[in-house]
Amino acid sequence: MRSMDKFVCIHGHFYQPPRENPWLEEVELQESAYPYHDWNERIKAECYDPNTASRIMNPKGKISGIVNNYSKISFNFGPTLLYWMERHAPHIYDAILEADKKSIERFSGHGSAIAQVYNHIIMPLANRRDKYTQVRWGLKDFEKRFERSPEGMWLPETAVDVETLEVLAELSLKFTILAPHQAAKIREIDGQKWFDVTGGKINPRRTYLCHLPSGNTINIFFYDRAISHEVSFGGLLNNGEIFAKRLVGAFTELEVNPQLVHIATDGELYGHHHRFGDMALAYCLDYIESNNLARITNYGEFLEKFPPRHEVQIIENTSWSCVHGVERWRSNCGCNTRKKPGWSQEWRQPLRDAMDSLRERLDPPFEIKASRYLKDSWEARDNYIVVILNRSKQNVEDFFAKHAKKDLSEEEKRMVLKLLEMQRYTMLMYSSDGWFFDEISDIEAVQIMRCATRAMQLGYECLGAQLESEYISILKNAPSNIPKFENGAKVFDMFVKPAVVDLIKVGVHHAISSLFNRKESGLSKVYCFNVDDQIYEVSKSGRLMLVIGRSSISSEITWDKEVISFSVLWLGDHNVYGGAREFMDDNTFSAMRDKIKSSFERDDIREMVRSMDEFFGTSSYSLKNLFKDEQMRIINSILQVSLENATYYYRRIFEDNYPVMRFLKDIGIIPPKALQAAMDIVINLEIQKALAAEEIDIKLVERLVENARRFSIGLDEGLIGLKASSKIASELGKLVNQPENIKDLEKVERLVELLIKLPIRLDLWQSQNMIFSLGKKYYHSMRERSKKDEEEAARWLVAFERLSEKIGVQVQL
């Protein structure tokens, strides 16, 4: 079989569940992602970043080429992940969009990016209305970002039924991708006899046409399950050449027509689940192309060149990750992560029941209430994605102009926005990850319950619907595997209810955080809320600090607005006591201010507390009520002095005992644990401090590295590795701006030489990119100058070659 008739396509499904706090629209600190802020940040660093500039290694293990993997594969990114990436990782976001543009040039006008159902719901478990909105939102999101219409759409977990395919076809999508076991039977187009292909017997090297009851059609690609499984679980990503040979080995000489060998896996395999998986992918594609073993393609190009010759019928209610169909997302079917033997997922059905019950209680009154203001409630919901993508006031007004049946008052606009946000969260609460894992107290299940709670909160505000008690009563039937959590109702009470935010809570956060950090203008933002201080008065007495104020709080999402009055007393350290309530009239506010300030001036703390209770009620607030990231920042600030004092004493212990510790080390005696602990703490902190300095002190780093190695210091490998990697990249960034600065080049080379001696995990991806680029731009010219006996150029070459060697980059001759 000729190589020109052999085609290879690798599809990566890149996705993270919506992790944003439903009230704040931002991802809060997730300790389990340490040393990163959250899991999006961590997976970005381990996967999404590396695939924009992946390495091709030479036989000596040095980087000989850098490629954007996304430009050579088929891929989809979850819309909610791109929403996060656009704001928090714009360089990766831009590289992904650019990769799609390059793929259009590479693959005969067909972009490699395909769309995805908006927030990864299991489509067969959704009603038709939600299916339609999910696809519409996915399409609109794609078109806004990639500036073109998608040809295909990824179905979450490849979960499929005929109704889902009907929605895709109705909205002009040409194809989707399924697992081979989801095919029921095939026949030649216009043929009579059907052939059974259940059990994964379908030939995955062809394209298939699926005729639908409506008369519409859609093309389906069934990926190669065996190779996809080996990539995911069989170690095929350990070697790019073996990966390539496994792909091209799947072609058969028994077929005369062009063949497509293609796989589909989670994109996070390429770097996150499998370290350096992005490099195996890059090498695999390069090996196939450079050896002319097959043509790399994408689905759109192959479909245009080789239309289907066979038609297929699917098996409904099936998916790629549950052998029981779609039961993993509604029952204790036995599918789980296998990390917790003996655990049950009996909680899945009650959690699904709670969500379904909530949706059915919210949808009918939504339609009735929204119809007072909108021409078509559901059409407005389908188009609400344009508001989610652009919250500017003008864009929202344009949305009202298109969908409102009359000129709306400001109050009516707020009502419409809240109704549509309610609908948004009734869909976000169905994100599939909430059911995928093993335990109802996992962060994914808690996240969808928070989305449901936001929907209930808005339902109460818009419709007067009090649904929480019914929702919780269903969750009582969802047993936890962890005894202290008991069931879903207790998980809700512990992790969901405390997260609920209203304008009062935003005001409290602003009031308390302003004690430690306030903008002089009086205008600030608390996530998606704008704060305008109308009155802000500060009184101080020794360590005590009192703030009394009145602030206007407004939401950028729902346009809700409230004036909050507050008083907060800081007693030093973590001791904060405060009160807040909705607007007080001027007389009441003045009386509150005078009474509390009078007590403050007398240092009568008990009287101040009683006065706060009198004016604000008995619901007091403290640092516990701050949102997580600001809470951590303030606590770290409060503890800074204590940490510095502790460090001082640990350093004294270290310095006073340094000679004897060195002696003990030299004669092979293990030092006392207390002294070793002091040394561990001091060296860890000193290394972090040295790496944080604006100007790196190489001599200091030398001493610290020597001591860390001499005394077998237990380093915080994750944190120091992250800081060291960042410092190397920062120093190289200076060199990019002054590429001929020999002193800076030699300093970076020495820094790398020292840091690679430590038992830490360095992420040199960004640094390697810069060295590779510098080499391509300047190495040849410096080499020519050195031949002319330019001493500085020769010195530059020596330092650059040493740095390239240490950092793992092949010098481009």
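**Close-up 1. Ala465 in the loop between helices H16 and H17.** Ala465 is buried, with a relative accessible area of 16%, where buried means under 20%, exposed over 50% and partly exposed in between, for a 1.4 Å probe and protein chains only. The residue lies in the loop that runs between helix H16 (443-463) and helix H17 (468-475); helices (H or I, at least four residues) and strands (E, at least two) are DSSP runs numbered from the N terminus. Leaving aside neighbours within four places in sequence, Ala465 is in contact, meaning heavy atoms within 4.5 Å, with Met456, Gly459 and Tyr460. The C-alpha atoms of Ala465 and Glu644 are separated by 53 Å, the two residues being 179 residues apart along the chain. This is a predicted model, in which local features need pLDDT of at least 70 and side-chain atom pairs count only at pLDDT 80 or more, whereas totals for chains, interfaces and linings use all residues. Residues are numbered from 1 along each chain as its sequence is written, and side-chain values use heavy atoms, with hydrogens and water left out.

**Close-up 2. Thr158 in the loop between strand E6 and helix H5.** Thr158 is found between strand E6 (153-154) and helix H5 (162-170), and at 0% relative accessibility it counts as buried. Not counting residues up to four places away in sequence, Thr158 touches Ile177, Leu178, Ala179, Gln182, Thr318, Ser319 and Trp320.

**Close-up 3. Aromatic rings.** Rings of Phe, Tyr and Trp (its six-membered ring) pair if their centres lie within 6.5 Å, and planes under 30 degrees apart count as stacked, over 60 as edge-to-face and the rest as tilted. By this rule the count comes to 34 aromatic pairs. The ring centres of Phe436 and Phe437 are 5.1 Å apart and the planes stand at 75°, so this pair is edge-to-face; Phe437 is partly exposed, with a relative accessible area of 26%. One aromatic cluster is formed by Phe14, Tyr48, Tyr70, Phe75 and Phe77.

**Close-up 4. Arginines over aromatic rings.** The charged end of Arg87 sits over the ring of Tyr83, 4.1 Å from its centre, a charge being over a ring if NZ of Lys or CZ of Arg is within 6 Å of the ring centre and within 35 degrees of the ring normal. Arg352 lies over the face of Trp435, at 4.1 Å from the ring centre.

**Close-up 5. Helices H26 and H28.** The axes of helix H26 (residues 742-755) and helix H28 (residues 791-807) come within 9 Å and cross at roughly 25°.

Notes:
Axes fitted to C-alpha atoms, helices over the stretch in contact; angles between N-to-C directions.
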